[in-house]
Amino acid sequence: MTGAEPLYAAAVCAGALAWLAADQERGLRRGRLLLAGGGAVQTPAGGSWRSSRLWERVRRLGREWLCLPAALVLAVLGQSVLPLLAGAAAVPLVRRRLRARERRREEDRRAEGVIALCGEVAGELRAGLQPGQALLFAARSTGVLGGAEVAVLAAARFGGDVPRALREAARAPGADGLAGVAACWRVSVDSGAGLAAGLDRLEAALRAERDQREELRAQLAGAWSTVVLLALLPVVGLAMGWALGADPLHVLLHTPAGAVCLTVGGLLEAAGLWWAARIVRRGEKG
C-alpha cells in the first residue's frame, strides 16, 4: 500500500464533510428565505458572517464527526486505510453515547422542573389562587410538562380530569414526580385535604431523592475516571513506543503479527471497557 492512498481517502472524507455542511447551509438559507416571505435576509457582514456559518456547520454536524479527523491523522501517520474504517465505525457509537448523555441531562432537567413545579404551585395556593390557576401559572413558568402541557392546562382550565392528565405527563423520562402531583391533586379533590401541604411534602421527598442520586454519582466519579484511564492506556503505550524510536503504527498496520496483536488487543480493550462500565452502571442503579 502506497503512502498516497491515505491522502486520497482523506480528500474523499473531507470532501464528503464539506458537501454535507454546504447542503445543510443551503437548507438553512432556503428556510430563512421562506420565513422571510421571499424578501432579503439580514445576515452579518464580513468575517463574522463567515465565522458564524462555519460554527453553525460544525455544531450541526455533531461532535461525533470529530472521530473522522482523528482517524485521518492516524491514517496518514500509519499509511493505512484501517484507521479511517475504524473512525467511520466509531461515529455511530459515539453518536449513541452522546445522545444517551443528552437524554440523561434532559431527564435531570425534567426532574428538577417537577420539583420547581411543586414549590410554585404550593406558593401560588398560599397566595390565594385556585388550584387550576396555580397549576396554569406554574406549568407555564417551569415548562416541565413538555408535549402534555396542552392536555394538562386544558384540564385545569376547563374542569377536566387533571390527575389523569398529570399521570399521562408522568410517563415522560424524568417526570415520575408528576404522578405524585396527580395523587396529591386527587386526594385534595376527594377528601378536601390541603393540596399545598401535600405538595410541600412531595417536594421535600423529591429533593431528598435527587440529593441521594447526586451523592451516588459523586461517589462513582472515581470509578468512571478509572474506566477512562483504562481506555487511554493503549494510547499511552503507542506514545511510549514513539518516544523510544519505534514505529508502533507500522508494526500494527503492516505486519501479520501486528494485525493479530491489534485485533486481540482491540477485542480485549472493548470487553474490559464494557465490563467496567457495566459494573459502574449497576452501582448507579443501586
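Axes here are lines fitted to C-alpha atoms, for helices over the stretch in contact, and angles between N-to-C directions run from 0 to 180 degrees. With that settled, I looked up α4 against α5: they pack at an angle of about 140 degrees, with axes 9 Å apart.

**Ground rules.** I am working on a predicted model, where local features need pLDDT of at least 70 and side-chain atom pairs count only at pLDDT 80 or more, while totals for chains, interfaces and linings use all residues. Numbering starts from 1 along each chain as its sequence is written, and side-chain values use heavy atoms, with hydrogens and water left out.

**Overall.** I find eleven helices and zero strands in the protein chain (DSSP runs numbered from the N terminus: H or I of at least four residues for helices, E of at least two for strands). Of its 286 residues, 27% count as buried (under 20% relative accessible area, 1.4 Å probe, protein chains only). I also noted contacts (heavy atoms within 4.5 Å): of those with a separation of 6 or more, 56% are between residues 24 or more positions apart.

**Back to α4 and α5.** On the α4 side I list Gly113, Ala116, Leu117, Glu120, Val121, Glu124 and Leu125, which meet α5 residues including Pro131, Leu135 and Phe137. By class this contact has ten nonpolar, three polar and two charged residues (Ala, Val, Leu, Ile, Met, Phe, Trp, Tyr, Cys and Pro are nonpolar; Asp, Glu, Lys and Arg charged; the others, Gly among them, polar).

**α5 and α6.** Axes of α5 (residues 131-142) and α6 (residues 149-158) come within 8 Å and cross at roughly 155 degrees. The two are therefore roughly antiparallel (over 145 degrees). This crossing is left-handed. Gly132, Leu135, Leu136, Ala139 and Arg140 in α5 meet Glu149, Val152, Leu153, Ala156 and Arg157 in α6. I get six nonpolar, one polar and three charged residues for this contact.

**Core.** Which residues touch the most other members of the largest nonpolar core? Val121, Leu135, Leu145, Leu178 and Leu199 do, out of 34 residues (a core is a set of buried Ala, Val, Leu, Ile, Met, Phe, Trp, Tyr and Cys residues joined through side-chain atoms within 4.5 Å). At least two core residues come from each of α4, α5, α6, α7, α8 and α9, and α4 gives the largest share, seven. I then checked Leu199: leaving out residues up to four places away in sequence, Leu199 touches Cys118, Val121, Ala122, Leu125, Val181 and Cys184.

Note on methods:
Angles under 35 degrees count as roughly parallel, over 145 as roughly antiparallel, 65 to 115 as roughly perpendicular and the rest as oblique. A crossing is left-handed if the near helix is turned anticlockwise from the far one by less than a right angle, and right-handed if clockwise. Buried means under 20% relative accessible area, exposed over 50%, partly exposed in between (1.4 Å probe, protein chains only).
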